[in-house]
Protein chains: 4
Amino acid sequence: MAANAFGTLFTVTTFGESHGPAIGCVVDGCPPGLAIAPEDFRADLDRRATGRSRHTSQRREADEVEILSGVYEGRTTGTPIGLLIRNTDARSKDYRELTETFRPGHADYTYWHKYGIRDPRGGGRSSARETTMRVAAAVIAKKWLAERYGVRVRGHLAQIGALVPRRFDWDAVEDNPFFWPDPDMVAELEGYVDALRKAGDSVGARVTVVADGVPVGWGEPVYGKLDAELASALMSINAVKGVEIGAGFAAVAQTGTQHRDEITPEGFLSNHAGGILGGIASGQPVVASIALKPTSSILVPGRSVNLAGEPVQVRTIGRHDPCVGIRATPIAEAMVALVLIDQALRHRAQCGDVGEVAPRVPGSRA
Amino acid sequence: MAANAFGTLFTVTTFGESHGPAIGCVVDGCPPGLAIAPEDFRADLDRRATGRSRHTSQRREADEVEILSGVYEGRTTGTPIGLLIRNTDARSKDYRELTETFRPGHADYTYWHKYGIRDPRGGGRSSARETTMRVAAAVIAKKWLAERYGVRVRGHLAQIGALVPRRFDWDAVEDNPFFWPDPDMVAELEGYVDALRKAGDSVGARVTVVADGVPVGWGEPVYGKLDAELASALMSINAVKGVEIGAGFAAVAQTGTQHRDEITPEGFLSNHAGGILGGIASGQPVVASIALKPTSSILVPGRSVNLAGEPVQVRTIGRHDPCVGIRATPIAEAMVALVLIDQALRHRAQCGDVGEVAPRVPGSRA
Amino acid sequence: MAANAFGTLFTVTTFGESHGPAIGCVVDGCPPGLAIAPEDFRADLDRRATGRSRHTSQRREADEVEILSGVYEGRTTGTPIGLLIRNTDARSKDYRELTETFRPGHADYTYWHKYGIRDPRGGGRSSARETTMRVAAAVIAKKWLAERYGVRVRGHLAQIGALVPRRFDWDAVEDNPFFWPDPDMVAELEGYVDALRKAGDSVGARVTVVADGVPVGWGEPVYGKLDAELASALMSINAVKGVEIGAGFAAVAQTGTQHRDEITPEGFLSNHAGGILGGIASGQPVVASIALKPTSSILVPGRSVNLAGEPVQVRTIGRHDPCVGIRATPIAEAMVALVLIDQALRHRAQCGDVGEVAPRVPGSRA
Amino acid sequence: MAANAFGTLFTVTTFGESHGPAIGCVVDGCPPGLAIAPEDFRADLDRRATGRSRHTSQRREADEVEILSGVYEGRTTGTPIGLLIRNTDARSKDYRELTETFRPGHADYTYWHKYGIRDPRGGGRSSARETTMRVAAAVIAKKWLAERYGVRVRGHLAQIGALVPRRFDWDAVEDNPFFWPDPDMVAELEGYVDALRKAGDSVGARVTVVADGVPVGWGEPVYGKLDAELASALMSINAVKGVEIGAGFAAVAQTGTQHRDEITPEGFLSNHAGGILGGIASGQPVVASIALKPTSSILVPGRSVNLAGEPVQVRTIGRHDPCVGIRATPIAEAMVALVLIDQALRHRAQCGDVGEVAPRVPGSRA
């Protein structure tokens with residue numbers, strides 16, 4: 001499998017550097033007949049874009065998606081869908097001095113050692129710019145999942161630094177620039193992030209994604225488990241250091257009587273499993289969370305070395321996010337959607353459509 | 001990619017049910033010339049085996065590995081290595097009553113809905129029995145990684161319930177049945193697990209794996225990142241609900257100045273990254289941790305439904321582990337080793353051998 | 001993709017050397033619920049086996065298939081199916097003198113240069129013995145294709161040396177040891193092959209496989225075309241040097257007016273395309289032919305070199321076939337069946353079941 | 001594996017329809033450090049382009065390649081290389097009447113049945129236009145193969161209709177619009193093709209590709225054999241109906257004494273094997289040939305049906321080639337080069353660089 005391709009049957013192959021001429025992707029394996037138009041991409045790309053508020057990088061990403069192929073008279077044809085976004089506001093001069101220096105906590109050091117060459121402009125390929133195409137590809141996936149199976153994938157910020165929501169309201173999530181589910185805390189968050197930015201520092205975050213309506217049966221044991229693929233997908237997002245399904249690390253301190261989700265004819269009594277048992281969806285909401293590290297691109301100088309191995313001070317003065325986790329919500333949703341559509345197609349391949357080989361247990365509402 | 005195959009270039013395809021005639025695997029892509037003998041498998045299979053102490057399932061796994069192919073006169077030939085273990089102590093009668101009932105927290109429910117049929121004997125394919133072949137395959141991987149690159153992969157239990165080690169000693173890990181790094185706490189653990197077993201309950205655990213000697217450069221952006229593949233590999237282990245690389249979820253509350261690992265000519269000053277930057281190994285130890293849920297196979301009765309959707313009480317009386325995390329250490333090591341050898345081969349394919357395209361930065365000891 | 005695995009969704013991973021303890025395979029991705037029993041394998045394995053008549057190698061292949069997993073109470077469960085055949089009549093002593101010598105026209109030379117080591121016993125991994133597992137795996141594929149879609153895959157010898165059938169009768173094919181469709185020529189063939197064997201020489205052959213009932217729509221443009229996958233599958237059979245679809249090389253001298261298969265409401269008027277247009281099945285019979293070279297394992301001495309590069313005379317005195325093409329018919333059928341089931345599952349994944357996205361053109365019987 | 005991606009380690013994912021806004025591809029897995037500039041693509045794209053002489057389609061393909069990513073300061077960085085060509089001279093009106101009609105011998109019929117929708121403009125995705133990106137991607141592959149291993153891949157037309165070269169001169173091949181190796185026959189060919197075009201008919205062709213300098217050892221048994229992958233690659237080219245390696249179908253009538261290539265300390269005495277034994281390169285030139293059918297897009301009317309299943313007359317009046325085989329030479333070379341680079345990387349992954357595990361047999365010049 002090529003390292004820049006994601007998925008087995010619904011594959012997304014991305015290309016492009018942060019400050020190159022363009023980024024793009026090829027979506028292969030999309031079912032035919034799905035209505036797709038350039039404006040479908042607008043909402044999610046805006047949610048992911050920098051420059052949306054003062055709390056994210058001030059790089060302006062216009063992000064106009066051009067559909068190059070695979071759509072005829074507004075419908076997918078089953079052939080590969082080429083998507084392209086031209087890079088516009090790419091100020092490479094900001095990064096020039098970093099060519100010979102490795103920024104601590106960055107991929108500069110490892111890309112150089114791996115390839116012997118790297119594109120230093122804006123992080124090149126290791127930039128979060130690449131995730132734009134994940135979001136674009138997932139627009140197609142989300143739409144198909146919703147139309148065909150009623151699956152809805154949505155996420156929210158669940159923690160930033162030490163702050164956690166005190167109450168939860170899905171409706172609030174899209175009403176603030178933080179994807180924060182507690183509307184009463186938005187002013188507090190603004191103050192917190194402003195202070196961080198002024199201090200030239202950054203902070204980590206936690207994002208949770210919930211997929212409702214996932215049919216029981218999706219997921220493939222034993223290495224293609226739904227949770228294993230979610231873990232890979234989510235860990236592949238820049239800055240992610242941890243992935244949890246359902247109870248996640250809280251399960252370490254639970255007993256079996258606490259953790260197991262008992263079943264009644266009215267459905268499961270809890271969802272510590274996060275909607276997945278044995279790698280297969282149980283019919284409950286699929287719940288995944290990720291930990292994002294604080295970006296290393298900060299104003300506070302740090303110690304590093306240059307190509308000659310000599311000690312240097314590094315201070316990143318480009319346009320960066322004080323908390324990369326803020327914009328990670330649509331990206332995490334995208335990866336969950338891409339995993340789900342892939343599993344949907346794989347299930348259909350081996351077992352036929354949902355419910356074909358086994359009727360749902362009567363009464364159980366899962 | 002087949003769901004029961006792991007890896008891209010060093011692939012492991014497993015088969016077998018818990019109580020079928022045998023389990024086995026095919027290891028494909030192994031470099032030729034590696035010395036392998038049946039006795040090489042003994043140590044790690046024993047570490048993983050049940051019945052080793054009173055703290056794990058009392059099923060006796062003799063686990064004699066037969067090498068069916070791919071080795072000639074004691075050396076790998078580059079052709080696929082077939083490995084086979086006959087199932088011996090498989091008491092299917094223990095499980096018969098569960099055929100029509102779904103155990104809460106188990107894969108019974110989801111396998112049935114996915115496939116419309118399931119092998120109920122001992123959990124069938126969803127049993128941890130399958131992980132035996134992962135450990136066997138990883139014996140080959142570990143040996144090649146050690147001989148060719150000096151890579152060492154080892155793990156330990158890092159938490160069980162609320163208990164965490166008070167001090168850390170690698171040498172202690174293999175001297176107790178818990179893989180516990182604090183020798184002073186072994187008696188405490190024994191009492192804790194005995195009490196759980198008597199109560200008919202179970203508990204979760206945390207396991208940490210460390211790989212030393214991983215060369216800078218292994219790992220493939222952007223979807224084949226070393227951490228993404230570790231996440232998938234580790235999450236594919238039965239009962240795992242969370243994966244962390246380096247600081248993991250602790251990164252959520254860290255600032256950039258705290259988290260970034262500064263570099264000096266003498267090497268990195270910390271390892272919050274867990275040895276991975278931008279998906280590529282940095283040359284520091286690779287550190288990954290997993291959360292394992294408490295097994296749902298417990299004596300305490302729980303509510304569930306049967307095939308007809310009617311409410312039933314379920315009580316699992318087979319031979320089970322009070323903490324599946326105890327035996328998970330060699331399995332987690334195995335998955336890390338399988339990821340590393342695959343990345344090693346992929347790196348060699350694209351970039352030549354370690355250090356071929358880029359010399360190590362002088363002075364930096366990583 | 002591992003080199004010893006075939007297929008994308010219905011994958012077959014084989015292992016085993018000609019004279020090792022066993023050969024086997026793992027079939028992954030099989031739809032659940034298919035009835036499979038050990039006796040299902042008997043007919044096709046017998047058709048492929050050596051020692052069936054004096055016209056093939058006198059090695060006796062008992063070839064008892066053991067089903068190790070993936071089948072519960074006589075039905076496939078959707079989990080991987082492990083199949084095993086112990087090697088019994090393996091006389092390694094015949095081959096011992098060849099360890100230091102390269103047989104002309106054999107894989108000895110290339111395996112040694114590739115791997116630096118090779119199992120010389122009976123050709124090791126390069127032996128046609130490996131194809132036994134292809135035939136075994138294809139028994140499952142053929143059964144599912146027949147039961148679910150009414151697809152029938154069958155083949156025949158179409159040429160041996162300069163001999164071609166003068167008339168064609170499917171019913172005759174299974175009534176002679178040559179899979180020859182002209183019953184009047186069987187005695188002639190027997191004399192021809194007897195003479196070859198006495199002369200210590202061998203000859204090439206041509207085999208044709210026809211798949212009836214393949215639904216219009218199977219096949220994936222542009223690199224996963226049905227014909228591209230058939231070409232790969234058939235060329236991967238030992239000794240195959242050429243593959244044709246439909247008219248094949250005869251198309252070189254045809255004009256467009258001759259070659260194109262015109263369509264009427266009653267169906268296509270010819271089938272030069274061999275049932276495939278643009279890489280997708282047209283609904284006509286799928287027709288593929290292969291050229292098999294004469295085996296190089298012959299009694300007539302030939303010039304070669306040894307490991308030291310010195311000239312040697314080589315004479316192969318093991319038990320070999322005067323025409324490997326004779327037994328190739330069930331192997332070629334197997335590969336066609338494996339390609340078809342894989343394409344069937346892939347079609348179902350992307351487009352739903354046959355006919356779901358597009359009704360058949362009315363009237364056209366294809 | 002996605003159906004529009006080719007290769008395992010050096011992968012090429014193409015997208016684009018004949019008359020859509022653009023065609024393009026993503027090349028993933030390219031070794032870093034290779035010098036690549038836009039002008040490198042010129043020569044091979046011109047060789048493939050239509051409109052080069054009166055003997056090919058009069059569509060003018062300017063085919064300016066834009067490098068969108070993966071190259072920094074003129075060298076590959078190891079990240080995916082995005083290539084884009086805008087479609088310019090696309091006259092969709094020529095094709096409009098074909099929307100409701102299936103052209104005999106074309107993919108119209110099968111695309112429609114597979115997907116329930118098709119882009120009728122210029123054949124959409126099934127057009128040979130797609131092969132432009134194969135040629136572009138292969139420019140990179142050819143360059144790396146030549147620079148690193150001295151491999152040269154070149155092809156020629158070997159037959160058109162009943163005409164075969166009477167003598168062979170590599171130097172002549174690039175001096176005529178037919179890639180014909182016999183300079184004395186060029187006038188004859190011109191007359192032949194002119195006559196065909198005037199008759200509104202077309203004819204088939206045979207193309208042969210030879211790769212010199214392929215190191216012994218490349219190729220992966222048993223399903224990833226070098227010849228199996230060549231067969232798939234070449235059969236995936238539009239209009240190809242047959243593939244031969246070395247002697248190909250001529251091997252059917254050969255005896256073992258004729259076919260086997262004897263070896264002496266000075267090298268092989270013949271090359272009926274086409275440079276491949278047991279799926280692995282022998283060090284001799286790799287020789288592959290293909291049969292191309294006569295295009296079905298001809299002026300002579302043919303019988304077909306429309307969407308309603310009613311009989312219609314079809315006459316193709318777009319700009320088409322009287323012999324699509326003429327332009328197939330660079331496409332066939334491209335596919336051979338893509339197979340070789342992929343096998344080169346895979347060999348390096350498992351066995352290290354060429355010659356690492358086994359020195360060449362002394363004296364034998366292969």
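How many residues of chain B are in contact with how many residues of chain C? It's 35 on each side: 35 residues of chain B are in contact with 35 residues of chain C, contact meaning that C-beta atoms, placed from the backbone, lie within 7 Å. Keep in mind that this is a predicted model, where local features need pLDDT of at least 70, side-chain atom pairs count only at pLDDT 80 or more, and totals for chains, interfaces and linings use all residues. Residues are numbered from 1 along each chain as its sequence is written, while chains are lettered from A and ligands numbered from 1 in the order in which they are written.

**Chain B against chain C**

- On the chain B side, β2 (11-15), β3 (22-28) and α2 each supply at least two residues; helices (H or I, at least four residues) and strands (E, at least two) are DSSP runs, numbered from the N terminus.
- β3(B) gives the most to that side, with four residues.
- By class, the side of chain B that touches chain C has 13 nonpolar, 15 polar and seven charged residues. Here Ala, Val, Leu, Ile, Met, Phe, Trp, Tyr, Cys and Pro count as nonpolar, Asp, Glu, Lys and Arg as charged, and the others, Gly among them, as polar.
- P21(C) sits in the loop between β2 (11-16) and β3 (22-28) of chain C, and leaving out residues up to four places away in sequence, P21(C) touches L68(B), R86(C) and N87(C).
- P21(C) and T88(C) are 67 residues apart in sequence, yet 8.0 Å apart in space, C-alpha to C-alpha.

**Helix α2 of chain B**

- Helix α2(B) (residues 108-115) has eight of its eight residues buried, so it is largely enclosed by the rest of the structure. A residue is buried if 20 or more other C-beta atoms lie within 10 Å of its own, exposed if 12 or fewer, and partly exposed in between, with C-beta atoms placed from the backbone.
- Among the buried residues of α2(B) are D108(B), W112(B), H113(B) and K114(B).
- The cover over α2(B) includes pieces of chain A, namely β13 (276-277), β14 (280-281) and α8 (328-351).

- An open sheet of eight strands runs β8(C)-β9(C)-β15(C)-β10(C)-β10(D)-β15(D)-β9(D)-β8(D), with antiparallel pairing; two strands pair if DSSP finds at least two bridges between them.
- β8 (152-160) of chain C and β8 (152-160) of chain D stand at the edges, each with a single partner strand, so one side of each has no neighbour in the sheet.
- From one strand to the next, the twist averages 20°. Axes are lines fitted to C-alpha atoms, for helices over the stretch in contact, and angles run from 0 to 180 degrees between N-to-C directions.
- Helix α8 (residues 328-351) of chain C packs on the sheet, touching β8, β9 (205-212) and β15 (286-292) of chain C, and its direction makes about 140° with that of β8(C).
- β9 (residues 205-212) and β15 (residues 286-292) of chain D pair over seven bridges in the antiparallel sense, and R206(D) has A291(D) as its bridge partner in β15(D).
- Helix α6 (residues 226-235) of chain D lies across β10 (240-245) of chain C along with β10 (240-245) and β15 of chain D, at about 155° to β10(D).

**Inside chain A**

- UniProt, in an unreviewed entry, puts the feature "binding site" at R48(A) and R54(A); its positions are given in the numbering used here, feature names are shortened, and annotations may be inferred rather than shown by experiment.
- R48(A), in helix α1 (residues 42-48), counts as buried with 24 C-beta neighbours inside 10 Å.
- R54(A) is in the loop between α1 and β4 (66-67) of chain A and is exposed, with 12 other C-beta atoms within 10 Å.
- The axes of α6(A) (residues 226-235) and α8(A) come within 9 Å and cross at roughly 145°.
- That contact divides into nine nonpolar residues, one polar and one charged.
- β16 (residues 302-305) and β17 (residues 311-314) of chain A pair in the antiparallel sense over four bridges. They form a hairpin with five residues between them, and G309(A) in the turn has a positive phi of about 85°.

Key
Contact = placed C-beta atoms within 7 Å.
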